[in-house]
Amino acid sequence: MATPAERYAASRRRAGHRALTEFAGQFDFVLDPFQVAACEALEDGHGVLVAAPTGAGKTVVGEFAVHLALRSGAKCFYTTPIKALSNQKYGDLVARHGADNVGLLTGDNAVNGDAPVVVMTTEVLRNMLYAGSPALRGLAYVVMDEVHYLADRFRGAVWEEVILHLPDSVTLVSLSATVSNAEEFGEWLQTVRGDTTVIVEEHRPVPLWQSVLVGRRLYDLFVDDDQHEVNTELLRLASDDARFARVVDDRRPQRGGRRPRSRIDVPSRPEVVETLDRAGLLPVIVFIFSRAGCDAAVLQCLRRGLRLTEPAERDVIRRVAAERTDDIPDDDLRVLGYGEFLDALERGVAAHHAGMLPVFKEIVETLFARGLVKVVFATETLALGINMPARSVVLESLVKWNGEAHVDLTPGEYTQLTGRAGRRGIDVEGHGVVLWTPGFDPKHVAGLASTRTYPLRSSFRPSYNMAVNLVGQMGRVAARELLESSFAQFQADRGVVGLMRQVRRNEEALDGYRESMQCHLGDFPAYAGLRRALKDRESQLAREGSAQRRAEAASSLEKLRSGDVIRVPAGRRPGLAVVVDPNGPVVVTADRQVKRLTIVDFPSPVESLGHVRVPKGFSPRSPQARRDLVSSLRNLRLDDAGVRPGKRRSAAADDDVIADLRRAIRAHPCHGCAEREQHARWAERYDRLRRDTDALTQKAEGRTNTIARMFDRVCDLLTSLGYLDGDHVTADGQVLARVYSEADLVIAESLRNGAWDELAIADLAAVVSCLVYESRRDDEPTPRLPPGPTRSALDDLTRRWAALEQAEHDARLDFLREPDAGFAYAAWRWAKGHPLDTVLVDAALAPGDFVRWMKQLIDLLDQIADAAPEGAPVRRTAEQAVRTLRRGVVAYTGLT
């Protein structure tokens, strides 16, 4: 029987694109051609992939899917990668379709979940699919906004899980940023989801112009409309500045870590804002890759006395901020620095980073979108999906800290950040501005701005939770086949095709080489094998002796004495020399030059070949003294090589294997061939290409079925631990199937062993926090731990993780991260009811970090309460912990 969506699809094919006509009439602008093409494909029953720049309007296509679902009486799920974006999209859809028709499901909120249109994070949909939620009945469309998140190495697998598990009857709408392999991704969607139309839009609706702020003057980066030709004035400035830096460095002593000097002053952050304001380029987002830098920039603007707002705007700012913070106690607001935050807002300036309280960030986003806040100093997290376009974007630096090291921005990151510039329907053009700093290279910036290489690379790999869910749903064989359909395997197979194509070309060349080395006297490949074996044996003996010879050479240099005559075998002045200073040593060569020797000059031990007297008070700087010393050297009558009778035999000369090989070579018929060396050259080419071809073949075999082989190892480990029994998921496996966490197996083992059954609420919160929290840096101090039973529970948790890590190592897997106790004390104190100010001070956490980790902890405790076996004491404790922790600023939902 046809579903409502299928019946509607058949009718609309007969009626033309009436739905699109209705939908387009709701807007006060004309849809772009790419939007029309995507919507028409969607109305015709095709899935669509839309890849377009930031701000191009690709979400219109997602909203058309919502329109089609409501029009046909079917359901549409609209997924986003982050809760803040879900909240934002929920507000947009409620404004258009009414609160009764739209719901929201995130880890924090559950509003009208049975509505025909539900906005949710991608993880929520994944969990619904595995659980077989009844809410999936009647689902006709799924919109996956920001689908390029599947490249995220931590969460990307979720997107592929959803795409692979959605029923075939569901039409998928995938919305992506501009990626350079959209066609490849579309081809994979066509393979796993059926008919999919790929729409790639390169054109920005608002042109983006690239500029450089040099001092307090703006320069165009490019001088042509196609943005290929770099401004020669910038190149001249860079050249002059580089020469100035070299002069300064030559005049000053070198100091480690010192930045190069520049004759161009770098403007302060308030001066940057003032320059942009005069140029009419506000509102602006200034990207500073540091939370502390963003906060400092706001303070600098306040101290400068900047005021970018009018009195009427300040009234609106105060009202919006008051409404959004109405549920937060005044004492907490004081702790959070609300007064200083509001003062900056009223002046039109704000920061935006992950360390801020979510409600503060949302206030900034709202006010900036309404044009009331003119300047936002932000970290790169702002570029992740939130709708905050600006007239201009400033990059303070082209280097950022990635958590491990300072690295250059990639072209993809540069495009993503500057893509915020230019508000459709407001700005005629957007401006990406890079700040001139010492060592600035205009050509490097031009390369970032003009390169469109942002390939989508799958990060998919099967987890323990995924394995038990898949085996439980379809059995191990079918699950293995499904995983072989992943985008990760699709890309690996694509690579294998290219590798095997090269292998085939190499094999053809090898046939030609084999023919060219044929000899009429005998089997030349066998003869070439003997020669190769001889060469390999000689090389082996040389390698074995080289380390020993280096050690002997160093020791022999230490034994030299003044007046020893030696032969220098290598370096710029080889030959006989006299040691005049053993410390170094320093020698006078046979051509009267003074030289300091190192181990590099002696590949083998140095021997004293004789001795001459070096006069007391000898001065190497005296030409006469050097002439007299060399005259004494010549009186020894040594030849230039310094070789005495009785030459040492090499190790190769005494080696029986080498002797046998040489005899076999001389005895082989091909040894007497007049064209022997010509044949040998072809044989050497054959050997090199054969090695290269074998390496390519091995690489291709390593990429074949990689996901399926990893799945097999995961299943084997789960079987050995008792979570799987063939195609049957055990009772313990059913528990694991309901835990969606990086630490899924550690949690399942803890629940199975009853390790947390005796813990109180605060102790459980502290222990579970170790499976959520991850320190920002590896060098953070040893964390403070709560007193009492928490410590022994943490020790037990660490031992359990260590045992599982060993089991993973034996299975060639690497999923489980070591528990991190850095948030345990804060979680314990918050659960004990301590006030916000003391918890933040003791934990040395930013408010935003505290709330984020606390909400993740609540989410995991909620899962534990659901997954724990019936009757287990930890089940009730986890439920109580969720209610206890959800208070104050942590209870804020983000909805208005």
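**Close-ups of a predicted model**

**View 1. Strands S20 and S21 sit side by side in a sheet.** Strand S20 (residues 586–589) pairs with S21 over three bridges, in the antiparallel sense. Strands here are DSSP E runs of at least two residues, helices are H or I runs of at least four, both numbered from the N terminus, and two strands pair if DSSP finds at least two bridges between them. Val 587 stands opposite Lys 595 in S21. The whole open sheet has five strands, ordered S21-S20-S19-S18-S22, with antiparallel pairing. S21 (594–596) and S22 (610–611) stand at the edges with a single partner strand each, so one side of each has no neighbour in the sheet.

A quick note on the model: it's predicted, so local features need pLDDT of at least 70 and side-chain atom pairs 80 or more, while totals for chains, interfaces and linings use all residues. Residues count from 1 along each chain as its sequence is written, and side-chain values use heavy atoms, leaving out hydrogens and water.

**View 2. Tyr 130 and Tyr 740 make a stacked pair.** Rings of Phe, Tyr and Trp (its six-membered ring) pair if their centres lie within 6.5 Å; planes under 30 degrees apart are stacked, over 60 edge-to-face, the rest tilted. Here the centres are 6.4 Å apart and the planes at 5 degrees, so the pair is stacked. Tyr 130 belongs to helix H6 (residues 122–131), and Tyr 740 to the loop between H26 and H27, 610 residues apart.

**View 3. Tyr 464 and Phe 815 meet edge-to-face.** Their ring centres are 5.1 Å apart, with planes at 70 degrees. Both residues are buried (under 20% relative accessible area, 1.4 Å probe, protein chains only; exposed is over 50%, partly exposed in between).
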